[in-house]
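Look at the structure below and follow its parts one at a time. The text starts with one chain, then turns to confidence, and ends where the chains touch.

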Amino acid sequence: MTAVPTDEGFVVFDHVQKSYDGETLVVKDLNLSIAKGEFLTMLGPSGSGKTTCLMMLAGFETATNGRILLDGTNINEMPPHKRGIGMVFQNYALFPHMTVGENLAFPLEVRGMGKAEREAKVMRALDMVQMGKFANRRPAQLSGGQQQRIALARALVFDPSLVLMDEPLGALDKQLREHMQFEIKHLHETLGITVVYVTHDQGEALTMSDRVAVFNDGRIQQLAPPDELYERPKNSFVAQFIGENNKLPGTVEELDDEKCLVRLETGEMIDATPVNIRHKGQQTLVSIRPERVEFKPEMMPPGAHMIEAEVLEVIYMGDIFRTRMRVAGTTDFVMKSRNTIGQTKLKPGERLKIGWHPADARALDPM
Amino acid sequence: MTDATLPTPSGPLTTADGRPLKAALAASLAVRRRRALMLVAPLFLFILISFIVPIGQMLFKSIYNDGFSKNAPALVQWFDEHPKGSEIDESAYAALRSDLILMREQKTAGEAGTRINYDISGTRSLFTGAARKAEKLEPPYKEAFIALDKDWGNPNVWRALRSAANPFTIDFYLAANDMTRDETGAITAVPKDQQVYKKLMGRTLMLSIEITALCLLLGFPIAHLLATLPMRKAMLLMIFVLLPFWTSLLVRTTSWMVLLQSQGVLNDVFVWLGVIGEDGRIQMIYNEMGTIIAMTHILLPFTILPLYSVMKTIPPSYVRAARSLGATSWTAFRRVYLPQTLPGVGAGGLLVFILAMGYYITPALVGGADGQMISNMIAFHMQKSLNWSLAAALAAQLLVVVLIFFWIYDKLVGIDKMKLG
């Protein structure tokens, strides 16, 4: 896995490996370079190594092998307080015995900044997150969302060029989380800082990032901008981890550069785009996004294969209908159709033919 | 939300059927409250009987001693009728004679004499001697008594008798503070060479503070290690910390004797290493040092456990946050970690201090002469001199000192912030 080439390697992981017990590798040969001003998200299930990577970058864990470069200097041996990296923690880690103002002044104080300058900077940082009135409160007197803003302001108050965020929105409710996503994104754009963001929430990763690194089993599975990640997943893990996905197992019957024909287990034939298929006769897992499934023949490209489906359940979700169907022996095939005027209302038990554009069906490795 | 809780425009809230809301709430919770009360009642009763009543009695004993007053009714009456300053005339000696005869019959001369003896030592025999001969004395009794023993003419003895006629007295508190009364009843200090209690109280306080400080100093790193080690190793270390709890206090104390005495293990090692000569063996036990070492060892777990329980709740992300914000590890410790452990430091420190103030066995065994504490003196008065009232006064004073420290702690840290486990 090689990183997407960038004109600037502001943060570089160079063959980084990490082991805690000397028997298993938590991070296996990580190579990643992050450009200045980029918003990069490390996404993955728990135990995939993403947080370990962040901790190595922050200096709380040491790399077992390899180098980590920050702005061209090797920071492997540099203690955390000399790195000048801002960090936002999952539980905010606001010092409970200090007021909000004292919390924010802390990084300036340890840098030996004068009182007047300190106060000005603290106020500016608080205003930046719309918390100017709260300087004299204690963290315990604030709501989760307010604490989150303060944690953010504290990580930014000493003007770091790199800010790390370790699942900073994990403890907030859905609405607040979505609001904060935009605010963080906005701050990133106005301040021009580099952000490395760790999350296990794929929606968050897609909304906020310039690029997303999907971690699994200590490796980056795919490193790509959000749209590419969603529409062109490189392997089954990424396809499954990002968004909802229909999986149809089968065997490759015909294969050329851009197209392949897959025979499903029930004998039906479908079209797909080969992604990591090497030869004919290979087992594969075809992945199709639910919103790309069509049941109206006029919407299909000419000559595309269509297969039988039986409607099992229709769930009304407001903006969309979520239709669960029996397709090629599986009962969890999902189709999402927009709730537009004149949309055909399907009923359970109904039989119909469905299909998709061959580009939307991706033949991936069997997991 | 039902309309039952809607507020009426004026007056208190009522339920749907018109009852006041507070009364309805109390009624609905009454059964649950009664059941809860029944559950705690046995414990409450136990504490009352085994703790509050004895403590109250002890405190009462320090200001109340009827050893003399209940055995000398005639003298008590005479003192009542003749105010302070009256001349000790023939009628007083007649009352004394009738009381002494009564004491002889009831065999209580010793008890009454002991009470006076607390005030003026050497007067117990005055009573026991006179009681035997009282019946045979002829009037005028004043001359007869003085002829029997000239101390019967001593105004200080009569001052003590008058004082003891009232069972309520603060004299034991005076004694506990190295004070006494002169012949006129004014409070004076006892001669310098007889002063013991104030010095002992001061030493007890100093030793307790030193031991508390040592315990905190030694316990803090161990508690931190316990809180940060992985579970399995932490459990093993915890067993080592708790091991002393499973060993008899006497065994632990005597093992310190074996280690520290001048022919003991430690001195032998020093001599063998050539650090000290054979004649330069260090006296490490049967003095203050012995008390400090042995008590610090015994009380150490009491600081470690509260500290550990507080440190366990401090997520490592606080120190990490401080480090990432640019603090050195020392600054992060001092500014972020240490302040958050204060509830544990306070709880552990206060616990050890209170325990140390009242510690008895260890100083008795390894303290020698200058490692004794006030509790040893209390035990002496309870068991040897049988002056329970003085023991009670000393104990009450100890209680007050502890409460003062409690109060200081509350002002500085806040009792509500204390965390014991």
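Predicted model: local features only at pLDDT ≥ 70, side-chain atom pairs only at ≥ 80, totals over all residues.

Helices (H or I, at least four residues) and strands (E, at least two) are runs assigned by DSSP. An unreviewed UniProt entry lists residues 11-242 of chain A as "domain: ABC transporter".

Next comes the question of confidence. For the complex, the predictor gives an ipTM of 0.81 and a pTM of 0.78. Chain B has a mean pLDDT of 88, with 96% of its residues at 70 or more. Where in chain B is confidence lowest, and where is it highest? The lowest mean, 87, belongs to strand β1 (residues 179-181) of chain B, while helix α9 (residues 197-228) of chain B has the highest, at 94. Over residues 1-8 of chain B, the pLDDT is below 50. Beyond near neighbours in sequence, this stretch has six contacts in the model.

Now move to the place where the chains meet. Chain A brings 18 residues to the contact and chain B brings 15. On the side of chain B that touches chain A, α14 (317-324) and α15 (329-357) of chain B each supply at least two residues. Which element of chain B gives the most to this side? That is α14(B), with six residues. Sorted by class, the side of chain B that touches chain A has seven nonpolar, six polar and two charged residues.

Key: Residues numbered from 1 in each chain as written. Chains lettered and ligands numbered in written order. pLDDT = per-residue confidence, 0-100. Contact = placed C-beta atoms within 7 Å. UniProt positions renumbered as here; feature names shortened; annotations may be inferred. Nonpolar A, V, L, I, M, F, W, Y, C, P; charged D, E, K, R; others polar.
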